[in-house]
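Please read the following note with the sequence and the structure open beside it.

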Amino acid sequence: MSLDRRKFLKYLGVAGAAAGTSMLVSEGIKTKERGAIGPLTAEAQTTTPQKHDYEVKPGELDAYYGFWSGGHSGEVRIIGVPSMREIKRIPVFNMDVATGWGITNESKAMLKGRFCGDTHHVHGSYNNGVYDGKYLFVNDKLNNRVARIRTDYMETDKIVDVPNIQGMHGLFTQRYPKTEWVVCNGEFQVPVPNTNPSQKPADYNGIHTVIDAEKMEIVCQVLMDENMDLAATDYGGRYSMATSYNIEKGVTVSEMLASDYDYMLVFHWDRMKKALKDGKYKVINGVKVLEGREGKSDLTIRIPVPKNPHGVNVSPDGKYAVCSGKVSPTCSVIEIDKIEDVFNGKLKPKDVIIAQPFIGLGPLHTTFDGKGNAITSVFIDSTNVKWNIQKAIDNEKLPEEKKKNSHIIDVLDVNYQVGHIMATMAETKEADGQWLVSLNKFSKDRFLNVGPLKNECEQLVDITGEKLKLVHDSAAYLEPHDCIMVRRDIIEKHVKDRYNMFDNPLAVTKSGVERKGKKVTVRLTANAPVFGLTEVSLKKGEEVTVIVTNHDEISDLDHGFALSNYNINFVVAPFQTKSVTFIADKPGVYWAYCTNFCHALHLEMRMRLIIT
């Protein structure tokens, strides 16, 4: 078990600071089991909050890890549920000076000069329909990228660019038997390949993309006539799904609203794999592209649903896909086990729709409580509507004059104009019906006025009873788009207190300076409160790479490295290594210093770079 900073400071004190701290931190703490630093106090007791109590008291831990997309901040946020405390921001497609993301060589290599993003959908990796706690995946709608986050370090480790696509919106991960594929959609139809700007919109295409989850490489794409919005996968490892709201191929709002119906698209994975094996693809911009257009392919089916559909969500029992109408006040309930008969020509696509219950004005997304009930966000009405799936199916069998809205259990007013909605564990087969978060687009009157650009409002709802109970408001910085909420036991067993130092081939064990012509490598260890070197002499014009490894073993003892007047600032966690490269173009004396408070002598933790 790791030693935390409080115990370290209590037992070490300041006495041995400058001379002895480095040795104690890098060597002595490793032997604490042998009594090298004296007895330890008892660990702080942590407990899980009482069921249905949203207050998480000091010293208690949240029951769920919430993973939020950060919208056009380009980040992912970790929020404790039910406390709604923001615990961490994970930089993904953005520059983050606090951590050095976008400044260090490692992050620059992934970002490739693009520090602007628009994260929309965060989804976890699965094993047999339940999160396995290994990875998170998130899309960048702006620059058409998918990033992977390792949950042991809670940091981005891979980013893949997706060609032939624009407006990458929906993303989802394979749920069964485990996550081997990640799928994502192109919301904006474009010429494919996009080399002819005079091409007519009628000839534009949409793209459905499959990514290898482990390799973070593109497996294939499916060329479609339609645009594709939100995504889902089934619980059998057979299909991915997408909504399409622009079968008209319109380029204006009125054109996109011309049709009374659009589609829920279904992609058949076994048929896609066979087409790949048989070589039935074209290579466009280095990617294998399968034919999915209507009348030219047996890889896809088109289920007609009203109108301009938005979200598609699969019930925890795997039986139903619920497609929300957006411009229709209804949701369409699709029986997934009937889909194979459509692919085999035994049923028509419309025959898999077994209910279209009234929900409200502007249904967008549906989540589930694991008790047979769905809860749908309704944008125009500003409500969360709880309804029973089986009752909706039963009502469909009644004559029109006898149909009633008996499937609706409760309607909760939210503030205001809700977009996404998510219940705890609801995108898994272990949906537990505890908490729901309503991610509302506007926050009028809910918080202190902070000027013309207002924050947004996220509302926590207790869903354990028959009625939906609003219990908490949270202000959210723009624009969180979607979230998942994962049980703590799934995640916490994976999260590490420190890096494996030698996973990084650049890890520094001994400080020093190496010169090769005009290229200089400065290797630095960091041990509270000293860097491994006190000064480095450089010549104007030299290209300098600084590599820093944190040798402190204490679980929360981070170090920063900031270089005055050189726009360099990054953080290294315990046993982590980061590097940065710059041109020493300004003669003079420049102090490098630690930015993260690490010791009583933190302010003294600095070194000089002397440039002549």
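The numbered points below concern cavities, a surface patch and salt bridges.

1. The structure under review is a predicted model. It holds 2 cavities of 30 Å³ or more.

2. Which strands supply at least two residues each to the lining of the largest cavity? They are strand 4 (119–127), strand 8 (166–173), strand 18 (312–314) and strand 26 (418–423). Strand 26 gives the largest share, with 3 residues.

3. The second largest cavity has a volume of about 30 Å³. The residues around it are Gly 124, Ser 125, Tyr 131, Gly 133, Tyr 135, Leu 136, Thr 151, Val 486 and Ile 491. Two or more of these lining residues come from each of strand 4 and strand 5 (130–140), and strand 5 provides the largest share, 4 residues. The lining comprises 5 nonpolar and 4 polar residues, with no charged ones.

4. On the surface, Met 95, Val 97 and Phe 115 form a nonpolar patch, and together they have about 240 Å² of accessible area. Val 97 is found in the loop between strand 3 (86–91) and helix 3 (105–111). Because its relative accessibility is 45%, Val 97 counts as partly exposed.

5. Side chains of opposite charge can pair when their charged atoms come close. The count of salt bridges in this model comes to 33.

6. Arg 77 and Glu 75 meet in a salt bridge through their side chains, at 2.7 Å from N to O. Is this pair buried or exposed? Arg 77 has a relative accessible area of 3% and is therefore buried; Glu 75, at 6%, is buried as well. Both residues belong to a network of salt bridges that also links Glu 86 and Arg 89.

7. A salt bridge also joins Arg 145 to Asp 140, with the closest N and O atoms 2.8 Å apart. Arg 145 is buried, with a relative accessible area of 0%, and Asp 140 is buried too, at 0%.

8. In the salt bridge between Lys 516 and Glu 514, the closest N and O atoms are 3.6 Å apart. Lys 516 counts as exposed because its relative accessibility is 61%, whereas Glu 514, at 29%, counts as partly exposed.

How values were computed:
Residues numbered from 1 in each chain as written. Predicted model: local features only at pLDDT ≥ 70, side-chain atom pairs only at ≥ 80, totals over all residues. Heavy atoms only, no water. 1 Å grid on protein atoms, 1.4 Å probe; cavity = no way out; pocket = protein on both sides within 12 Å on 5 of 7 lines; lining within 4 Å. Points joined across faces, edges and corners; volume = space filled by probe spheres on them. Nonpolar A, V, L, I, M, F, W, Y, C, P; charged D, E, K, R; others polar. Patch = residues over 30% accessible without salt bridge, like charges linked within 9 Å, V, L, I, M, F, W, Y side chains within 5 Å. Areas by Shrake-Rupley, 256 points an atom, 1.4 Å probe, with all protein chains shown as cover. Salt bridge = Lys/Arg side-chain N within 4 Å of Asp/Glu carboxyl O. Buried < 20%, exposed > 50% of the residue type's maximum accessible area, 1.4 Å probe, protein only.
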